[in-house]
Each structure stands twice: as structure tokens, then as C-alpha cells.
Amino acid sequence: LVAQMLANYPVNDRSKEVLVDSYVRSILTSLPAKAVLVVQEPVGFNTDTLVFNFAYLQYVEGIRTDVTIFTNGPVFPLARLGLRLPAGYEHLEPTLQSTVLVHLAWDHFTPLGRPIYTSSPVDYLLGKGFRSYSNGLVFELRTNSDSRVIPKKYFELPHLTSGLMNDISLRTFGVKVAYAQAAYSADQGQLRLERVAILWAITVDPEPFSTEYQTYLNHRAWV
């Protein structure tokens, strides 16, 4: 048994794979005070991975506890906010679930003056009157009539390229970051930087025409 452990440890050692931790920490750091982050990922991306990492940082390490993680699940239950989803929610298509969840957060927190962010762009789901603005990692949700300056770009992921090509799950996170970066450049009209980010994402993306790619295209077309 010891011999097997010694032989297989180098292959299974994940102690230096900190991309997901860096990604989630960077998201929390990038958000303004008392922000609300709606976490509801498209089909094909693991929402639980984000939620559990946010839970660890907030509940265990006490990082950015002023940020409200808004999602449907037992880790961050909506009941703690005095909210509940409408009957039949669990039978809706994933895109409709995202739409309902975002509207619930918007209707509850906007009157309180709290900024709403989403882990993926949702403006193309919500219809006319809304825009999702990337900060390089996540997306601030605003109305079209909101004339505030576009969010500043935040990007601090020193381990972004570490081991990406060897692990599909890590590559998925890297791709997600690249598309968020491309969306930021598109919002700013920086087409050359957008192309650079898109080419990098397509190179790393483990799945042709992935959900992340389609979500980006939907947002880009809406913009």
C-alpha cells in the first residue's frame, strides 16, 4: 500500500492547483461594498463548485461577509433573507430558472441601493432595459438608463495558466475568465483585446461551442 501511494502521489498531487481558490477570492475582492452576487451558472458549468468555495471563504475564513451570495440551495438558503422561489421553479428550464432568480434579487435588493452582480452575463435573458457589464470576472447588472461609468477592470489571477491544459475542470474556469475578459473589452470598445481573449479562450476551451462560448455570443449579440 505504501509503495502504491508513493508511486501514485506525484500524479494525484493537487496541492499546487489553486486556480479555483484564486478565482473565487478575486471575485470577492473585485466586488464593491455590500454587493449581491447572483450565482446561477448555465448548463455545463458547475455552480456548486463556485458556491462551496464562496461558502468556505465567507463562513470559515470570514472574507467579504458583506457580500451576499444569492443562489438557490442549502448552502446559502434564500430563507435566510426572508425570500422564497415561486412554486414550480424546479421544473423550469435552466435559463428560465436563471431569469427568475435574477429578477428576485433585483426586485429585493435594488430598492435597498445594493449593487447586483451575476456570475455570468444575463442581459440577453432579461430582455430590453438591462445590460450586464463585465469587470473582468463577473458582471454588474444595470438598467440601460444607468449612466454611471462602466466598472473598472479587475484581474488578479496569478495561477490562471498553471496546469490548465492538463485538467478539464481547471480549463473550464480559465475559459470562463477569458470570456469575462473579452466581454469587458467589448464593453469598452477594445476590439483588439477582445480578439486576444477570445482566441485564448477558444484554444483552452475543452468543448467546441461550449455553454460558456454560447453565453458570451448571446451577451455580445445583445450588446
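**Close-ups of the sheet, the tyrosines and the cores**

**View 1. Strand β1 (residues 36-38) runs parallel to β2, and three bridges join the pair.** Two strands count as paired if DSSP finds at least two bridges between them. Helices (H or I, at least four residues) and strands (E, at least two) are DSSP runs, numbered from the N terminus. This is a predicted model, so to speak of local features we need pLDDT of at least 70, and of side-chain atom pairs pLDDT 80 or more, while totals for chains, interfaces and linings use all residues. Residues are numbered from 1 along each chain as its sequence is written, and side-chain values use heavy atoms, with hydrogens and water left out. Look for V38, whose bridge partner in β2 is F70.

**View 2. Stepping back, five strands make an open, mixed sheet in the order β2-β1-β3-β5-β4.** The edges are β2 (68-70) and β4 (130-134), each pairing on one side only. On average, neighbouring strands here are turned by 35° against each other, direction ignored. Helix α4 (residues 94-109) lies across β1, β2, β3 (116-118), β4 and β5 (139-143), and runs at about 145° to β2. Axes are lines fitted to C-alpha atoms (for helices, over the stretch in contact), with angles from 0 to 180 degrees between N-to-C directions.

**View 3. Here is edge strand β4, with five of its five residues buried.** Buried means under 20% relative accessible area, exposed means over 50%, and partly exposed is in between (1.4 Å probe, protein chains only). Both faces are covered: F130, S132 and S134 are buried on one side, R131 and Y133 on the other. So β4 is largely enclosed by the rest of the structure. β4 and β5 run antiparallel with five bridges, and F130 stands opposite T143 in β5. Their hairpin has four residues between the strands, and G136 takes a positive phi near 100°. Also in this view, R142 lies over the face of Y133, 5.3 Å from the ring centre; the rule asks for NZ of Lys or CZ of Arg within 6 Å of the centre and within 35 degrees of the ring normal.

**View 4. Y179, Y213 and Y216 make one aromatic cluster.** Rings of Phe, Tyr and Trp (its six-membered ring) pair if their centres lie within 6.5 Å; planes under 30 degrees apart are stacked, over 60 edge-to-face, the rest tilted. The model has five such aromatic pairs. Y179 and Y213 are tilted, at 6.2 Å centre to centre with 50° between the planes. Y179 sits in helix α6 (residues 168-187) and Y213 in helix α8 (residues 211-222), so this pair ties together parts that are 34 residues apart in sequence. Y179 and Y213 are both buried. With Y216, Y179 has its ring centre 5.7 Å away and the planes at 25°, so that pair is stacked. Y216 also belongs to α8, 37 residues from Y179, and is buried as well.

**View 5. Now for the largest nonpolar core, with 24 residues.** A nonpolar core is a set of buried Ala, Val, Leu, Ile, Met, Phe, Trp, Tyr and Cys residues joined through side-chain atoms within 4.5 Å. Y23, I27, L31, L37, F54 and I69 touch the most other members. Elements giving two or more residues are α2 (19-30), α3 (47-60) and α6, with the largest share, six residues, coming from α2. Neighbours within four places in sequence aside, I27 is in contact (heavy atoms within 4.5 Å) with L37, F54, L137 and V138. Another core lies apart, with 17 residues, among them L83, L85, F109 and I116.
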